[in-house]
Amino acid sequence: MFTSVVLMCMMAALGVALPTGYNVPIPYNFDYGVSAGNNNFGHQEAGDGHNVKGSYFVHLPDGRVQTVNYWADGSGYHPTVTYQGTASYPSYAPSYGYH
């Protein structure tokens, strides 16, 4: 009985001591774009396993293009948002009654 308990404790200790995997940073890179009628957007990003740098854009309903350039590391996410173009809105003409 004592031998069985000692043997089980040794096996448990061995299982804890052996590494189960390695956390190796893997570099990556991706990009995509979608253009479907009024839905135009895209994203690109690259990471070295520790730091990430990228940007994404979207065509807004008001006619502008919003772009977010960013980088991220151990201290957090750091975006810079910019807009291109001038916002335009359709004129509003109230209608009275039913048509």
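## A walk across the sheet to a tyrosine cluster

Start by selecting E1 and its partner, strand E2 (residues 39–47): the two pair in the antiparallel sense, over 9 bridges. Keep in mind as you click around that this is a predicted model. For one of the links between them, pick Ala-36 and look across to E2, where its bridge partner is Asn-39.

Now zoom out to the whole sheet. How many strands form it, and in what order? There are 5, running E1-E2-E3-E4-E5, and they make an open sheet with antiparallel pairing. Colour strand E1 (28–36) and strand E5 (76–84) to see the edges, since each of these pairs on one side only. Going from one strand to the next, the twist averages 10°.

Next, show some side chains. Select Tyr-56, Tyr-70 and Tyr-77, which ring pairs link into a cluster. The model has 3 aromatic pairs in its count. Take Tyr-56 with Tyr-70 for a closer look: the ring centres are 6.0 Å apart and the planes sit at 50°, so this pair is tilted. Why does this pair tie together separate parts of the sequence? Tyr-56 belongs to strand E3 (residues 52–59) and Tyr-70 to strand E4 (residues 65–73), so the parts being joined are 14 residues apart in sequence.

Is Tyr-70 buried or exposed? Tyr-70 counts as buried, with a relative accessibility of 6%. Tyr-56, by contrast, is partly exposed, at a relative accessible area of 34%.

From Tyr-70, move on to Tyr-77. Their ring centres lie 5.4 Å apart and the planes are at 40°, so here too the pair is tilted. Tyr-77 is partly exposed, its relative accessible area being 45%.

Stay with Tyr-77 for the last stop. What does Tyr-77 touch, leaving aside neighbours within four places in sequence? Select Tyr-56, Val-68, Tyr-70, Trp-71 and Ala-72 to see those contacts. So that list takes in both of the other cluster members, Tyr-56 and Tyr-70.

Technical notes
Residues numbered from 1 in each chain as written. Predicted model: local features only at pLDDT ≥ 70, side-chain atom pairs only at ≥ 80, totals over all residues. Heavy atoms only, no water. Phe/Tyr/Trp six-rings, centres within 6.5 Å; stacked < 30°, edge-to-face > 60°. Helix = DSSP H or I, 4+ residues; strand = E, 2+ residues; numbered from the N terminus. Buried < 20%, exposed > 50% of the residue type's maximum accessible area, 1.4 Å probe, protein only. Pairing = 2+ DSSP bridges. Axes fitted to C-alpha atoms, helices over the stretch in contact; angles between N-to-C directions. Contact = heavy atoms within 4.5 Å.
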